[in-house]
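Trainee: I would be grateful for a close look at one part of this structure, namely the salt bridges and the elements around them. Please give a connected account that I can follow alongside the model.

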Amino acid sequence: SSALCVLPLGFVQSSCRSRMFWMKLNKLLLQGKFFQLEINDPYAGPIPLDEKLASRCGYVLSEDVWGNPIFRASVLGCHVANEADELFSLTVNIKVSSFPSMRAAVMYTYSMYCSYSSWASREIVCEENYMEVSVKTDVPAVSNDYTVAWLSALPETQNVAYQLWQLMFVSPSGRKRVTVSDATKLGYSFNNTLYRVFLRAPYHSNESDVSMVSGVNMNMVTSTSMYRQRWLLLLIDTTVSCPVDGISFTETTLTWTVPSVIPTLVVQESTFLSKNILMGVDDQVIVNPEERNYLLEHNKTHIRITIPIGAEGGKLKSSVSGGVYGVIYSIGLFLEHTWTDADWQTTKYTVIKSITTPFMPQIPTIINNTLPEERLFNVAFGHFLPDVSLVAITIGNVPFTLREAQHQRFKIYETPFSNRTKGFILEVSFDDPYVLKEYVNRNETKYTLFINYTLSVGLEMTLYYHSAEVECVVADIEIPEAVGYCDEENLYLAIPTFGLHQYWNLYLGNKLLNRHIALINGYLPVTNSTHLILQVPLFAVGVTYEEVSFQKIKARFDVALRKVRTMETLQMFSVSCSFNSPAFISKLHNRSINKKICDSFLDFITISLIFSVCHPDGTVMISAQMKTVPAIDMSKTKLRDSSCKPREYNEGHAFFKFHVTTCGTSVRFEGDHIIYENEIFYEKETLPGQSTPIITRDPDYRLTVLCYYQAKETLVLGAFPSDPSTSPPFGTGTMVTRTNIAVNRRIRQALNVVSRVSKDESFVEFYEPNVAILKQPVEPVFLEVELKDKSPNAELYLENCWVTGSLDFNSTPRWNITEDGQVVIEQPMCS
């Protein structure tokens, strides 16, 4: 049951155009509702509108491009009241319900009226679901004298029923004559009014044919309507032909093409004359198409309408296809072409066409308007049509509704763009916990914002997801500067703690300087709120002694500031101070005396104190203090190699400086250590005498000096020409690195020995194999030899190692680095 109600204001709009009823319903008043149309026949009552009835009776039910329901009906359609082929009326029932079953529906009755008197001799309408042709029937009378001759001239008409309309269809399959009632069963509709007859045909019926005209496929029904009464035989050509394609697209336009001359409708083409061409959008004629950037052009063969995609009158609609966002453009067009020819006088040809473009992907863009100076990400996301809305957003890996995002202090708002599009702007602070922060380069931070947008697209509210990654690198990290100072016995480095272990670490040589390493090396680390203060005793591991003499000890302590991830050295922190040598020697002397007294009461004639420094580059500095009874001449002390004399001396001290590869220094291996050993001698002076025993006046003196090096640490060997006169006449040489030395030299051995040359003492970056390396004669070479075999019985002993000027192992000259496991320095062309 339905309740009859008064139409809401603005619910229905109607008009008359091209002898068509046009009715539009307002979709806003139908939101969440279901509707149904009935044709209200004053005699038969309400007739529900369905698809089959629509095509046979001249109705179209669809939507315009804005989603409003559209109903169109021909004035020659079923159940239309016709007054003298001039005044037409049609009443429609509109039923609206909240339920799909249409129960408890509200019904509105709406009547439409059209007047149309300027009929052409022939009028053809090409609708979306049917073709219609109507023809005037004011045929001149034919006298009885000619009836027999007329009928005999047309044998096929002999069987035309008396006072009954019949149709003759001509198709590729042959001819078919049917009655009007039989034609109705085939989907046709034939009728006559006071002055006209009309035939309405479906597309692609069995009696139709498709042919191409000027590149456009035309669906054609060739038919003759026949009527016989007494002496009168009425034959009317009711052929109709309509385009079924002719649509083409580019990225920016759509084009609709219709033939100017259709041969089946114009028999005598030489008499054809085009009179008028009109185009329209929906039910409105466009008088000046160029004002909307439409292009209407025609020639002898074509009428062509070109519309820019997105132009006024049509509608762009958002869509999602295969997870991709895109748009579809739709527009409802009609074309009216009026022409004359010798057979039909005037023909009005109307085509109504709703055109929708294929899905056009529109990949959204991320516009990075980030403001580094304000430490603020500003990201615009677009462009979108108004039917797209943002419903959720994910920052990092955390999803937020829009309300939650606002509470999180993210700023999200819409912004208009050109071409009636819009975008969504997101603002997030660099310091937000959901922003990824990464220390890069020397003093820069890379801030990365990961975003995942969730949007609702179109009336269907299809969900669309789009992810984005926005980066900004800002020089906002200050490389720390250390402060160094000293007291009487220690060196101090004060280093800011900001960024330590987060961006960078401190390294002592190649070892990470953590609290454990500091303590076992004898350092005292103290941390306050801003700085790490490292106290390093003068004689602790890692201190470099730049100068040692009787007057002073110049010491330096270095730590490297390296990036946590890449180990790149960013800064070297150094503190260098000079200390008073006599003060230290005095202290050490007192300690030595006490120790000697505790150890042995017999050792009181010779008391010695040695202060020695073993440098990482193999240089050894020794300050020896001897108090002997009687006193000895310190200038006559020497090392194992008697040519190695003290560089400085006085009555009680001698200062030696030499390299571990010189002065008779021996080397041996004990566990994980390499031990270099030398001795300080004093040669006794003998008194002249005639017979044995020999009398001397000097005490026996011998002092052993040992230098311990970690076997796995780096020993930098400086190589210098021993005799300038025999030095090579050039300043650089070539050294070529080679891998798998043992394998290449001794094929019979299966040991896997690999050598590499490092670029510096860090042994982090290495030269590529088989690459020439240029070195100055005084530059050190950092060579690493590694035994890769895992066998417990395999042990690496570097017997002989040398440098040559070519890839040939036997090439000469060659310069030895080690001989029989001993490090040697020969005069090299490179070092």
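Mentor: The account below begins with one arginine and its partners and then turns to other parts of the chain.

The model is predicted, and 23 salt bridges are found in it.

Please begin with R375, whose side chain meets that of D431 in a salt bridge, at 2.8 Å from N to O. The two residues belong to distant parts of the chain, 56 residues apart. R375 is in the loop between strand 31 (365-368) and strand 32 (376-384), whereas D431 is in the loop between strand 36 (422-429) and strand 37 (436-440). R375 also forms a salt bridge with D476, here with an N to O distance of 2.9 Å. D476 lies in the loop between strand 39 and strand 40 (483-486), so this pair ties together parts of the chain that are 101 residues apart in sequence. R375 counts as partly exposed because its relative accessibility is 23%. D476 is likewise assigned to the partly exposed class, at 29% relative accessibility.

Strand 39, which covers residues 462-474, also contains L463. L463 has a relative accessibility of 44% and therefore counts as partly exposed. Together with V391 and Y465, L463 forms a nonpolar patch on the surface, and the three residues share about 280 Å² of accessible area.

Another salt bridge joins the side chains of R556 and D558, with 2.8 Å between N and O. Are these two residues buried or partly exposed? R556 is partly exposed, with a relative accessible area of 23%. D558, by contrast, counts as buried because its relative accessibility is 18%, and the limit for that class is under 20%. Elsewhere, a network of salt bridges links R640, R668, E670, E677 and E679.

Four bridges connect strand 25 with strand 26 (residues 302-308) in the antiparallel sense, and L295 has T306 of strand 26 as its bridge partner.

Conventions. Residues numbered from 1 in each chain as written. Predicted model: local features only at pLDDT ≥ 70, side-chain atom pairs only at ≥ 80, totals over all residues. Heavy atoms only, no water. Patch = residues over 30% accessible without salt bridge, like charges linked within 9 Å, V, L, I, M, F, W, Y side chains within 5 Å. Areas by Shrake-Rupley, 256 points an atom, 1.4 Å probe, with all protein chains shown as cover. Salt bridge = Lys/Arg side-chain N within 4 Å of Asp/Glu carboxyl O. Buried < 20%, exposed > 50% of the residue type's maximum accessible area, 1.4 Å probe, protein only. Pairing = 2+ DSSP bridges.
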